[in-house]
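Subject: Structure handover

Hi,

Here is the structure I promised to pass on. Please open it next to this note, then read on for what I found.

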Amino acid sequence: MKPTPGRRKLLTVLGLLPAGLLPAGLLASTTASADTTRQTASAAAGPFYPTPSMRFPDIDNDLVKIESRVREAGGEILQLSGQVTTVAGEPLPGVRIEIWQCDVNGRYLHTKDNNSATADPDFQGFGFTVSDEAGRYAFRTIKPVSYPGRTPHIHVKLLHGDTELITQLYLKDHPQNERDGLYRRMSAAERATVDMTVVEQGDVLMTEINLVV
Ligand SMILES: [Fe+2]
């Protein structure tokens with residue numbers, strides 16, 4: 001993709017500032033891949049949602065680093081961020097956002113995952129955060145990988161009062177998407193709400209996706 005002026009500006013700024021210091025809305029204006037006029041497509045939670053007893057004591061928004069462990073998770077680091085809004089575009093602060101996904105070897109942090117692959121002991125597997133005053137959220141995780149039967153995806157659960165939204169985020173244009181039963185079931189408009197466009201920044205990958213409830 002040829003960089004647009006806005007994207008070049010973004011990359012320049014990213015070289016100077018840690019992601020956490022980015023002006024709110026800058027990423028959204030340049031790399032947003034989600035259709036914010038439509039509610040984010042919901043999806044089943046699937047069989048591998050880690051219940052509290054399965055989780056590490058560390059359940060923060062950095063899934064790459066488990067507190068008390070020296071090494072970081074295997075895989076490509078992905079900065080996942082965005083804004084939680086209503087369909088009308090109003091920011092929603094105070095929304096609890098949970099994510100869970102398999103590790104670089106395709107194993108979930110779940111006692112019922114029968115995948116014979118060796119689990120990565122340094123991948124947190126589950127994390128949560130709460131959207132800030134501007135509805136913004138951020139996670140540091142790994143670029144999702146496939147496991148038997150599924151194209152790469154990140155599971156997301158939003159909890160806001162009585163409202164709960166469960167969805168799965170995908171790598172836009174990943175070749176396995178078209179062979180994935182759950183992905184194929186979605187319309188083009190629904191896919192547009194959950195397709196992550198990943199941008200490279202040095203050795204870090206970034207994606208911005210808005211979650212609309
Ligand atoms: Fe899954």
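Which residues does V84 touch, not counting residues up to four places away in sequence? They are L92, V95, I97, S131, G135, Y137, L158, L211 and V213. Touching here is contact: two residues qualify if their C-beta atoms, placed from the backbone, lie within 7 Å.

First, the ground rules. This is a predicted model: local features need pLDDT of at least 70, side-chain atom pairs count only at pLDDT 80 or more, and totals for chains, interfaces and linings use all residues. Numbering starts from 1 along each chain, as its sequence is written.

Confidence
pLDDT is the predictor's confidence in each residue, from 0 to 100. Its mean over the protein is 87, and 83% of the residues reach 70 or more.

Overall layout
The protein has four helices and 10 strands. Both are DSSP runs, numbered from the N terminus: helices are H or I with at least four residues, strands are E with at least two. From the N terminus, the order reads α-α-β-β-β-β-β-β-α-α-β-β-β-β. Of the 213 residues, 37% count as buried. Buried means that 20 or more other C-beta atoms lie within 10 Å of the residue's own; exposed means 12 or fewer; partly exposed is in between, with C-beta atoms placed from the backbone. Among contacts with a separation of 6 or more, 74% are between residues 24 or more positions apart.

The sheet
Five strands form an open sheet in the order β3-β2-β5-β6-β7, with mixed pairing. The edges are β3 (126-130) and β7 (195-196); each has a single partner strand, so one side of each lacks a neighbour in the sheet. Two strands count as paired if DSSP finds at least two bridges between them. In general, strands of a sheet pair through backbone hydrogen bonds, either parallel or antiparallel.

The pairings, one by one:
- β2 with β3: antiparallel, five bridges. W100 has F126 in β3 as its bridge partner.
- β2 (residues 96-100) with β5 (residues 153-160): antiparallel, five bridges. I97 stands opposite L158 in β5.
- β5 with β6 (residues 163-171): antiparallel, eight bridges. H153 has Y170 in β6 as its bridge partner.

The hairpin of β5 and β6 has two residues between the strands. There, G161 takes a positive phi near 60 degrees.

The core
How many residues does the largest nonpolar core have? It has 36. Such a core is a set of buried Ala, Val, Leu, Ile, Met, Phe, Trp, Tyr and Cys residues joined through C-beta atoms within 7 Å. V84, I97, V156, L158 and L169 have the most contacts inside it. At least two core residues come from each of β1 (77-85), β2, β4 (136-142), β5, β6 and β10 (211-212).

W100
W100 sits in strand β2. Is W100 buried or exposed? W100 is buried, because 25 other C-beta atoms lie within 10 Å. Not counting residues up to four places away in sequence, W100 touches Y49, P50, G125, F126 and H155. L63 is 37 residues from W100 in sequence, yet 8.9 Å away in space, C-alpha to C-alpha.

V145
V145 is in the loop between β4 and β5. V145 has 19 C-beta neighbours inside 10 Å, so it counts as partly exposed. Leaving aside neighbours within four places in sequence, V145 is in contact with G75, C102, V104, G106 and P152.

Backbone points to check
- S68 is in the loop between α2 (26-31) and β1. S68 counts as exposed because it has 8 C-beta neighbours inside 10 Å.
- D173 lies in the loop between β6 and α3 (181-184). D173 counts as exposed because it has 10 C-beta neighbours inside 10 Å.

Best wishes
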